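Please look over the sequence and the coordinates below before reading on. The paragraphs after them are meant to be read with the model open beside the text.

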Amino acid sequence: MSAVLLLVGGAATAQTTANSGGPSGGIYSCTDSRGRIITADRPIADCIDREQRELNPSGTTRRTVEPTYTARESAEREERARQQSLLQARQLEERRRERALLVRYPNAAAHNRERAEALVQIDAVTQAAKKRLAELSDERKKIDEELEFYKSDIGRAPGAVRRKLDDNVQSMAVQNRFVSDQEDEKKRVNSRFDDERIKLRQLWTSDAGGTAK
């Protein structure tokens, strides 16, 4: 029995030494789970789950021995490190975007000018669609005049006239959807510039060359 215990104990000690880098002539020190400060001439088994310091003969720290983690603890540490890395990457990307935003809009006037230009373009497209709607409305009046004789039974109207009516109805539906889409786009553009303005006020305030208004 003693031989078996000695063999098991020797294997455990060898494993601890292998995990910790093995004795190197220094002094190891740690604080265990009960708050006791322990020193030894080799890695300390009672502190295998916590950081240990290897000391020089003068008492200064030669190196720090990291704790030995279970598979679950290692996975958790790796996940925390991954999340921290992602957070740092997002922060770097946010700072990059802020710098680009400040370069593009160094002051309130520049931001106002680009908003106005974007809205002018949308309004021009909307006006063109409304003009087309007016033209289609005039065409519809002419078609209705041609269909006046057949208003009690449109199915009896000439095929060419009925096709013109169908085309007119479809075209007006398309233009009305286009006008509605442009109105939505105008709201989206205004919302984007409003959100940018909130961020830019902060950037202009912290930037010596910017002027927040």
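What follows goes through the sheet, the disulfide, the salt bridges and the aromatic side chains.

The model is predicted, so that local features need pLDDT of at least 70 and side-chain atom pairs count only at pLDDT 80 or more, while totals for chains, interfaces and linings use all residues. Residues are numbered from 1 along each chain as its sequence is written, and side-chain values use heavy atoms, with hydrogens and water left out.

Strands E1 and E2 run antiparallel and are joined by 4 bridges, with Thr-31 standing opposite Ile-37 in E2. The hairpin of E1 and E2 has 5 residues between the strands, and in this hairpin Gly-35 takes a positive phi near 85 degrees. Between E1 and E3, which also run antiparallel, there are 3 bridges, and here Tyr-28 is found opposite Glu-54 in E3. Strand E3 (residues 52-55) is in turn joined to strand E4 (residues 61-65) by 4 bridges, again in an antiparallel arrangement, and Leu-55 stands opposite Thr-61 in E4. The hairpin of E3 and E4 has 5 residues between the strands, and Gly-59 there takes a positive phi near 100 degrees.

How many disulfides does a search of the whole structure find? There is 1 disulfide, taking the term to mean a pair of cysteine sulfur atoms within 2.5 Å. The disulfide is formed by Cys-30 and Cys-47, whose sulfur atoms are 1.8 Å apart, and with 70 degrees about the S-S bond this link is right-handed. Because Cys-30 lies in strand E1 (residues 27-31) and Cys-47 in the loop between E2 and E3, the pair ties together parts that are 17 residues apart in sequence. Both Cys-30 and Cys-47 are buried, where buried means under 20% relative accessible area, exposed over 50%, and partly exposed in between (1.4 Å probe, protein chains only).

Charged side chains come next. A search of the whole structure finds 21 salt bridges, each being a side-chain nitrogen of Lys or Arg within 4 Å of a carboxyl oxygen of Asp or Glu. One of these joins the side chains of Asp-49 and Arg-50, at 3.3 Å from N to O; Asp-49 counts as partly exposed at 47% relative accessibility, and Arg-50 is partly exposed as well, with a relative accessible area of 26%.

Two further salt bridges lie within helices. Glu-135 and Arg-132 have their closest N and O atoms 3.2 Å apart, and both residues lie in helix H3 (residues 108-146), 3 residues apart, about one turn of the helix. Glu-135 is partly exposed at 36% relative accessibility, and Arg-132 is partly exposed with a relative accessible area of 29%. In helix H4 (residues 159-206), Glu-196 and Arg-192 are 4 residues apart, about one turn of the helix, and their side chains meet in a salt bridge of 3.2 Å, N to O. Here Glu-196 is buried, with a relative accessible area of 15%, whereas Arg-192 counts as partly exposed at 30% relative accessibility. Elsewhere, salt bridges that share partners join Asp-32, Arg-36 and Asp-46 into one network.

Arg-192 has a further contact, lying over the face of Phe-193 at 4.2 Å from the ring centre; a charge sits over a ring if NZ of Lys or CZ of Arg is within 6 Å of the ring centre and within 35 degrees of the ring normal. As for aromatic rings with one another, the structure holds 0 aromatic pairs, given that rings of Phe, Tyr and Trp (its six-membered ring) pair if their centres lie within 6.5 Å, with planes under 30 degrees apart counting as stacked, over 60 as edge-to-face and the rest as tilted.

How values were computed
Pairing = 2+ DSSP bridges. Helix = DSSP H or I, 4+ residues; strand = E, 2+ residues; numbered from the N terminus.
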